[in-house]
Amino acid sequence: MAQTVTRKGPEPIRKKPKQLPFPLNIYQSAIGRKWVMAVSGIVLLGFVVTHMIGNLHLYEGPLEIHEYAETLRNLGTDIIPRTWLLWGVRLLLIAAFAIHIHSAYTLKEMGRKANTRANFADGNKKYAASQDFIAANYASRTMRWTGPIILLYLFFHLADLTWGWFSKDWHLGDPYNNVVVSMGNIGVAAIYIIANIALAVHIFHGTWSLFQSLGINSPKINKMRRHIAAGLAGLILVGNLSFPIAVTVGLIDQDNCEAPCGLTAVEAEEAKE
Amino acid sequence: MENTMTLTLKVWRQKGPLENGRFETYEIDQISPDMSFLEMFDVLNENLINNGEEPVEIASDCREGICGTCGCMINGKAHGPEKATATCQLHMRKFKDGDTIIVEPWQATSFPIIKDLVVDRSPLDRIIESGGFITVPTGSAPDANLIPVPKDAADSAFDAAACIGCGACVAACPNSAAQLFTSAKVQHLNLLPQGQAERWSRTEEMVEKMEEYFGSCTNHGECHEACPKEIPLDFIAYTNRDYVKSKRKNRNLLGQG
Amino acid sequence: MIGELNSRIPEGPIEEKWSSHKFDMKLVNPANKRKFEVIVVGTGLAGASAAATLGELGYKVKAFTYHDSPRRAHSIAAQGGINGAKNYQNDGDSVYRLFYDTVKGGDYRSREANVHRLAEVSLNIIDQCVGQGVPFAREYGGLLDNRSFGGAQVSRTFYARGQTGQQLLLGAYSALMRQVGSGSVELHTRTEMLDLIVHDGAARGIVVRDLITGDVRSHTAHAVVLATGGYGNVYYLSTNAMMCNVTAGWRAHRRGALFANPCYTQIHPTCIPASDEFQSKLTLMSESLRNDGRIWVPSGHDEARSVSDIPEDQRYYYLEEKYPSFGNLVPRDVASRNAKTVVDQGLGVGPLKNGVYLDFADAIQRDGEDAIRERYGNLFQMYERITGEDPYKTPMRIYPATHYTMGGLWVDYELMSNVPGLFVVGEANFSDHGANRLGASALMQGLADGYFVLPYTIGNYLAPLLGESPLDESDPACSNVVQGVAERTQKWLSVNGTRTVDWFHRELGKLVWNFIGMERDKNGLEKALSEIPSLREEFEKDVRVLGSADNLNTSLEKVGRVADFFELAELKARDALERAESCGGHFRSESQTPEGEALRDDDNFSHVAAWEWGGTSGSAIRHKEELEFEYVPLTQRSYK
């Protein structure tokens, strides 16, 4: 039997959406969405770097890290009520996270739809011969795994150190203590180490990629893109891994606590006097 | 003849777009290392016809790496193992005696298989149709030397224009994106002074047509590696920038900038 | 019977013929253009540019290609460049000089009026292509660069690296796709024209086969334009693409169109020799290599030493010895013929002894490897990719190969064949190159016809047809032809012989190459005339085509094309036999100067031979169109 073949060529797999008003229409296209992904990535990257640098206060001692935390809460108190600005930043970060994840998911879906194998029997692999990736590196191919790992880790991290779900020794407002209590457990330290490796891998491809997505491209920058990506990923990796390692080897330890365990820093100040 | 090779070919056979396909295994001998990959298929097809079997449909035309008709996945690589080389320019000396070679058609939802190793790449034409031109009706062009084009811009435009439209970038892409093809075509014209008047509308139209058919680029860079003309990834970055700009430009109806 | 051939060359001085003729031609009112339908077959340079321009003008155009996209046509493979008499280099070029060079280069076998028009519109072509965004090479000041090409004494060749054809075709393709997008051109890809519909003495449409579904149907229009390229693949091995064929032109010939000068073929001297029996095509390398490479063969038979061990005094630099003033830069036909001579003497090099050396050792020593890489890097890379040999270390091996066919369907000054309504443009017609084509002129002619000549002249034919509608597709004049094509297609499937199409094509190619190749003589041509028909009979009885006619079937496509090549080959041999002179690419060994150069016989052969189909292969009738040379004095070439 003869096959009926349409001579008009393949139908589009995606309808061009009805254009929303500017700038929302940017998000309607894949390229625009990648642009949004890159911008939200930059916001998140800024957060990760700042968070890591801020955490270095741990090495100064419990009081200093406490004061740093207080400073964050007090940001902008000259003008607006306490913690409002911090909440503002948190909301911005939540929004960036949400949009970063949404764009990643929908772009991946679009790729999946464009990628169906025609009438192949076995599995959903694109080619039967194992496709020999040449350029796509480990980082770029694992974005969709490192991404969810980071998301899960984020919840764990919040639950562990911000909400104190896992330990009765957790105390509101005593980050030093909470870190020591949490990461003192070798298993938890391992989670932190694995998650931060995933984070660094994610940042490596993400940083390189954002130059591409935003179209920041000139012969001068191009040579540096990999170095910038590797440098940033390396910096975050070293910085963030140092905390669980420092706790595990005892560099950050309850012994360094000048205040008795369980007291807030303020109470400790008072106790001293 | 001395030095000939014996090979095992696993070739995708599929009767039509809607039929189920399967791999067929063929043994072939007396293959000279100086033969091209497609000439090896010519030999296979002659053997098949002599044995009363239908030959394998495999597309090719110029066989000198410029028309872009040929192309298949050879051992999981678009256009095979040699870099910057289209299937027709690949020679058998790149393989070893006794090798098994797996040959598959390009795969993408918008590249349906017509038969065996031949796919329909017409969505690429749809992208060009949507804006891959400079509107200059015959006879209306000014003198060729009226607008000087900086040599660097002309060279860069040529690097983009070298694309042969074979579709390897789509085939190699884990997302079946046609971003390298589209970007090369967009930037060839966007980089030249002649192409400025339609720059923003062209970028918008072509990108959006591309997205009707193909997946989204995730910056792996596989397309560049597969490309027989080694089109640089830079053009993708330029197009990304031009596209987001075009959304603003087109709203303001400004042709400039 | 065809009467006197009327080339319809306008009166007046040569510089004014085209402009006055443009004024004299009838025009079609812009509002009426959409009432005319035009079929364009082929989407290479000539076809794409014609279809795009006709679409822009407002005609309803249907464009056909057997490729999957118009961009694949073999125009894309042209490397060198395109001539334009712009005189940007201030070196004394002019329209008249390009005209003069082209007539002389064609060895005085082309029409002066056509060639002058070609030289005139060469200016507009460059403007048009630059406007479309063709990235021609530029100087640092941003202006266009030119080079001297193929021995021209002025720099008038515009180029885009070694891919000029590609860039020009992409320009024409983009113009065509703009019209396809706007709806003025209806594009039919993977659709092959298999016959011409002639009714009441005029071309009314074509019959095509859809290469995917196998559907055979007709398309009718007010005029049919063939832009279907050359017939170089009659040699089996040529630099043409695998699918290039003569079928569209040949079918039109069988319906009454005259086929002119089929014996004129250009053989390009610098191609990579075949490596074995299964070689499918030959690859051309730019002629510019001869600027620095020295051509030689070992002077002793059965040379077994490696190249570096052959001492200087045992190397035969045959071109430098025979032609001291031009040396390795003699014209294409001279270089090609001499290569054949030494290889026939058994002095050939390479495993099959089928090539000559093109040696860069001296140039590398003189200018350094970097300078040579700068000039020819991409060509050396291509050579290495194909042969696996490094030309920086061992000399290249080269041999001539069929490259371009100057002959084609006969057309008048308006590019219309003797069948009214059938226009032929580009390589498919015979018009502008005479017996030999100059380098960088093929692209020029294709675009000249498509952009600047046909769109004017077709109006002159269409204007009086206002009010007539195209033939109804259900008319018996159409359905009979459709039925004939369908039956012919089915017939090939039912032969069920023992040999493949390619086998017959290879055997035919050998005959054509050996007897109607670079050097022809009476005996060989008579032999060809007896062997080609018997091989054809065997082919018709013994070819094996498998599969069915209702889906993609490449062998089935090929068998019809090879069948037409058989008939063409016979006509080619007859034409070569009748033309008992040497001119340009046609060299009859009986007609040469004492130095072995081509000797024209202007008294007897200063004409175009236009052949009329005689009902069966081999019974064609020869007509003559006399050529007159008012402006370019006839001289004999000499390269000593």
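In the predicted model described here, the buried residues of helix H9 of chain C pack against strand E11 (265-271), strand E12 (294-298), helix H8 (318-322), strand E14 (356-359) and strand E15 (396-405) of chain C, where helices (H or I, at least four residues) and strands (E, at least two) are DSSP runs numbered from the N terminus, and where contact requires that C-beta atoms, placed from the backbone, lie within 7 Å. The model is a prediction in which local features need pLDDT of at least 70 and side-chain atom pairs count only at pLDDT 80 or more, whereas totals for chains, interfaces and linings use all residues. Residues are numbered from 1 along each chain as its sequence is written, and chains are lettered from A and ligands numbered from 1 in the order in which they are written.

H9(C) comprises residues 332-344, and its 13 residues reach 18 Å from the first C-alpha to the last, close to the 18 Å expected at 1.5 Å a residue, the expected span being 1.5 Å times one less than the number of residues. Ten of these 13 residues are buried, leaving the helix mostly covered; a residue is buried if 20 or more other C-beta atoms lie within 10 Å of its own, exposed if 12 or fewer, and partly exposed in between, with C-beta atoms placed from the backbone. Among the buried residues are Arg332(C), Asp333(C), Val342(C) and Val343(C). Just after H9(C), Gly346(C) adopts a positive phi of about 90°.

In chain A, helix H2 (residues 62-74) and helix H6 (residues 175-183) pack at an angle of about 115°, with their axes 8 Å apart; axes are lines fitted to C-alpha atoms, for helices over the stretch in contact, and angles run from 0 to 180 degrees between N-to-C directions. H2(A) and H6(A) are therefore roughly perpendicular to each other, a term that covers angles of 65 to 115 degrees, with those under 35 counting as roughly parallel, over 145 as roughly antiparallel and the rest as oblique. On the H2(A) side, Pro62(A), Ile65(A), His66(A) and Ala69(A) meet Pro175(A), Tyr176(A) and Asn177(A) of H6(A). The residues of this contact divide into five nonpolar, two polar and no charged (Ala, Val, Leu, Ile, Met, Phe, Trp, Tyr, Cys and Pro count as nonpolar, Asp, Glu, Lys and Arg as charged, and the others, Gly among them, as polar).

Chain B contains eight helices and seven strands, and 66% of its 257 residues count as buried. The contact between chains B and C takes 65 residues from each of them. H1(B) gives the most to the side of chain B that touches chain C, with seven residues.

Conventions:
Contact = placed C-beta atoms within 7 Å.
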